Amino acid sequence: MAGKAKEKVSRKVYERELLRLQTELVRLQEWVRAEGARLVVVFEGRDAAGKGGTIKRVSEHLNPRVARIAALPKPTERERTQWYFQRYVEHLPAAGEIVLFDRSWYNRAGVEHVMGFCTKEEYQLFLRQCPIFERMLVEDGILLRKYWFSVSDTEQQDRFRRRLEDPLRRWKLSPMDLESLTRWEAYSRAKDEMMVHTDIAEAPWYVVESDDKKRARLNMIAHLLDSVPYQEVPPPVLELPERPASTGYVRTPRDLQTYVPDHAADL
């Protein structure tokens, strides 16, 4: 089994299974909307661990009015004076909504703690309050799923190098990302400490091995679907109406409007 787990998933198998899983995600979405459920999915992990790519595949075919991504920037001066969890609370779902957190309140247990962006007292307070906060969410009926994407140090470095050389992905690389290379063990200790305090029965952590991105995406989505007791909701019966007869409308002449140049014709 160990040898098989290291094999790369072929593109053909990956694309076929991804399409099947994404079809199920649409069914999950319709169930959430019909039942008035509230689903929160937390994506955490090291830089370049594959969170963003997985979120993209999860949300690709979902209705943005139902499923949205919450990727919060660094807090403002005003937000720094609030209760730490306050700015995350306003992004929680209402009935019939799904929220995908691209990083979350766990910033305090990771980058803020390791990089010294919070005090020791703030960090300890977070570790005490976070389980209470998450139990409150679950007790109120929110379906909370937490995924930690685990990537090896060598694979992370390779991904950073590819980002550095790729103009389409260069924006993903920041000085903070590069700093994480030199603080690998500090981030590892922070993750271990976070797990000790926040891997609770009501909201457990699920670790996704992500050195193989394709495998990680399939495994995470399949687990999410298996963890939610959704059922298929029959779609409404729709019929295309007959197009009515013309009433004499004449389209505006083309030369009175400005069209974009036909770039495709020059290819």
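Figure 1. With 6 of its 8 residues buried, strand 4 is largely enclosed by the rest of the structure; buried means under 20% relative accessible area, exposed over 50%, and partly exposed in between (1.4 Å probe, protein chains only). Strands (E, at least two residues) and helices (H or I, at least four) are DSSP runs, numbered from the N terminus. The model is predicted: local features need pLDDT of at least 70, side-chain atom pairs count only at pLDDT 80 or more, and totals for chains, interfaces and linings use all residues. Residues are numbered from 1 along each chain as its sequence is written, and side-chain values use heavy atoms, with hydrogens and water left out. Strand 4 pairs with strand 1 in the parallel sense over 7 bridges, where two strands pair if DSSP finds at least two bridges between them. In strand 4, leucine 143 stands opposite leucine 39. Strand 4 also pairs with strand 5 (residues 205–209), again in the parallel sense, over 5 bridges. Tryptophan 148 stands opposite valine 207 of strand 5.

Figure 2. Strand 2 and strand 3 run parallel and are joined by 4 bridges. Alanine 70 stands opposite phenylalanine 101 in strand 3.

**Figure 3. Helix 3 across the sheet.**

**Figure 4. The surroundings of histidine 61.** Histidine 61 lies in the loop between helix 3 and strand 2. Its relative accessible area is 45%, so histidine 61 is partly exposed. Not counting residues up to four places away in sequence, histidine 61 touches Gln22 and Val26. The side chains of histidine 61 and glutamine 22 make a polar contact (3.4 Å). A polar contact is a pair of N or O atoms within 3.5 Å; within protein, one must be able to donate a hydrogen and the other to accept it, and residues adjacent in sequence count only if both atoms are side-chain atoms. From C-alpha to C-alpha, histidine 61 and arginine 162 are 28 Å apart in space, and they are 101 residues apart in sequence.

**Figure 5. The nonpolar cores.** The largest nonpolar core has 31 residues, of which Leu25, Leu28, Val41, Phe43, Met220 and Ile221 touch the most other members. Such a core is a set of buried Ala, Val, Leu, Ile, Met, Phe, Trp, Tyr and Cys residues joined through side-chain atoms within 4.5 Å. Helix 2, strand 1, helix 3, strand 3, strand 4 and helix 11 are the elements that give two or more residues to this core. Helix 2 contributes the largest share, 7 residues. Apart from this core lies another, of 27 residues, among them Val99, Cys118, Leu127 and Ile200. Valine 41 touches Val99, Leu100, Phe101, Arg145, Tyr147, Met220 and Leu224, not counting residues up to four places away in sequence.

**Figure 6. Arginine 108 and its contacts.** Arginine 108 lies in the loop between strand 3 and helix 6 (111–115). At 12% relative accessibility, arginine 108 counts as buried. The side chains of arginine 108 and glutamate 112 are joined by a polar contact of 2.8 Å. Neighbours within four places in sequence aside, arginine 108 is in contact with Tyr84, His113, Cys118, Glu122, Tyr123 and Phe126.

**Figure 7. Cysteine 118 and cysteine 130.** The whole structure contains 0 disulfides, a disulfide being a pair of cysteine sulfur atoms within 2.5 Å. Cysteine 118 is in no disulfide, and the nearest cysteine sulfur, that of cysteine 130, is 13 Å away. For the sulfur of cysteine 130, the closest cysteine sulfur is that of cysteine 118, too far for a bond at 13 Å. Cysteine 118 is buried, with a relative accessible area of 10%, and cysteine 130 is buried, with a relative accessible area of 0%.

How values were computed: Contact = heavy atoms within 4.5 Å.
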